[in-house]
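Student: I'd like to learn how to read a protein model. Could you walk me through one?
Tutor: Gladly! Have a look first, and then we'll take the features in turn.

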Amino acid sequence: MPPVTHRLTPGAAVPFALREQMAEDFVAAARRFAVQAGADRLTIENPMARGFFSFRSRPAPSAPSLAGLFPTDRPGSPGPLPPSGYHDGARVPLDTGLELLRAVLLREGPWCRLHTEEGFFLHVGERHDLYVGGPAAYAEAAAHARRSGLTVEPVERSPYDPALDETDPQPPADAAFWTAVHCLVAEHGGVLVEERHVGGDRRWHRPTTAAEITRARALLTPRARLAVWPDLSDDIAAVRAAVLRSERLELLVQQDPDGSVRGSRIAEPWMGRTDHTHPTIRAGAHCRAGLVPLAPADRRPLLSGVLPDADGVVRARWRTNRTPADERRTLLGSLRSGNVVTGTVVSGLDDIGVHVDLDVDLDLDLEHEWQLPMGFLRVPEMSWEHFEDVDEVAPIGRRIRAEVLHVDFEWERASLSVKALHPNPWRTFVEALRVGDTLPGTVTKTVPFGGFVSIAPGVVGLVHESELSGRTLEVGDDVRVTLLAVDGRQRRISLSVAPEG
């Protein structure tokens, strides 16, 4: 008999500011369903680090932490470890499972499925919804959820039913796997082991001896996916050059002089430059680095496998279904510097810039405010002309056309420029001027030491107080000014007020 499945949704649209109340309502309803199902423990399945909505290497600023739910310290660990109880197949008390459900509902942290051996399950969806089901109808819990203001409707099945998973079966990381790892280390002096303990996150190990392989194995998370790559390189110059010329999505992995392997970052061309005060790719004694492909089509590890359970059986079925994060990666990966895009201004960030929802032909669920817009337009790139307020040139709701300056995968956005689509009026106008030329202008701003005068769209010069010829300037005044000097490097124009008559 197929499970009876309910889809729970809020009774009304949920503003971003009220998402915590929405999560509280869902958790309360889930508890009643679990109690009626007799569930006192829940099993974690297919855990993800940051849910459907993010693939960046740094966590969301307000992502709920798992540290309060699961222990994070393990003896012999060389550095920070993921929560040791958050892994595929982990069984947790109902209270812990419901707190984990709350974190999933808030959308900036983890995602997983929760179920019991008897068939009860909880699946958080992508659109303010929660799927609850099992071998019974749980009519009492469903009725209480409706009375609390939630909409409860029967559906054929959860869209996250494990039977609908797309999977990429991998061999077990068994005794034969580790024998091959020992052989690679003996032959090459070391390897890089990638441990994907949850979806969307990974840890790194670099064993160079048989003893280090044993220590690394003791730290692995149950049911983790493993990939073995060639060892990191001490030729940092070659790694930097590879980062500069690479056009595919790759992870930069580094080992510090103390032997610790840093958390990986998405490699971007600017990281390969050496003209930074603090180089991203560190060089020096005992420093190593390397690149690991991120896109599935590019991945060709030396070995791969999934950790079996203690009885030798591989039970993890890691789903590979595309998520909104994958769609975002596809879009951003298709953009190149110089591309022209259109979009709508959706929010501002003080005086720094505005976020822009790009017009894309992808099935992205962009109706939720916590999903980051994929374009960012900084104030200096908005207009060649002087403006006092961002709302003058890029108010919320305005449609814009802009050029892509570069794509930043860590922040999951494309940096845009409206200015780049128009010729530089400053350069065009100033190149035609000569010192001594007299021309009309309009006062745009007054300061204690003089005033600024617009002499062409996007071209403003300073009249110092010593060049006012006894005149007092007011914003909006039409004046005639004489060109005294042009500093092309600093983009400064010095003017004087021309004598009247």
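**Reading the sheet and its helices**

Tutor: Let's start with a pair of strands: strand 1 (residues 4-10) and strand 7 run antiparallel and are joined by 6 bridges. Please keep in mind that this is a predicted model.

Student: Which residue stands opposite Glu 153 in strand 7?

Tutor: That is Arg 7.

Student: What is the order of the strands in the open sheet?

Tutor: The sheet has 7 strands, ordered 3-2-4-5-6-1-7, and the pairing is antiparallel.

Student: Which strands does helix 1 lie across?

Tutor: Helix 1 lies across strand 1, strand 5 (121-124), strand 6 (130-134) and strand 7, and runs at about 155° to strand 1. Helix 2 also packs on the sheet, where it touches strand 2 (41-48), strand 3, strand 4 (111-115), strand 5 and strand 6. The direction of helix 2 makes about 100° with that of strand 3.

Student: How are two packed helices described?

Tutor: By the angle between their axes and the distance between the axes. In this model, helix 1 (residues 19-37) and helix 2 (residues 94-105) pack at about 145°, with axes 9 Å apart. Their crossing is right-handed.

Student: Which residues meet there?

Tutor: Among them are Phe 26, Val 27 and Ala 30 in helix 1, and Leu 98 and Leu 101 in helix 2. The residues of this contact divide into 10 nonpolar, no polar and 4 charged.

Student: Now a single residue, please. Is Leu 249 buried or exposed?

Tutor: Buried means under 20% relative accessible area. Leu 249 has 13%, so this residue counts as buried. You'll find Leu 249 in the loop between helix 6 (236-245) and strand 11 (250-255). Leaving aside neighbours within four places in sequence, the contacts of Leu 249 include Ile 266, Pro 293 and Phe 409.

Student: How many disulfides are found in the whole structure?

Tutor: The search finds 0 disulfides.

Methods. Residues numbered from 1 in each chain as written. Predicted model: local features only at pLDDT ≥ 70, side-chain atom pairs only at ≥ 80, totals over all residues. Heavy atoms only, no water. Disulfide = S-S within 2.5 Å. Axes fitted to C-alpha atoms, helices over the stretch in contact; angles between N-to-C directions. Helix = DSSP H or I, 4+ residues; strand = E, 2+ residues; numbered from the N terminus. Left-handed = near helix turned anticlockwise from the far one by under 90°. Contact = heavy atoms within 4.5 Å. Nonpolar A, V, L, I, M, F, W, Y, C, P; charged D, E, K, R; others polar. Buried < 20%, exposed > 50% of the residue type's maximum accessible area, 1.4 Å probe, protein only. Pairing = 2+ DSSP bridges.
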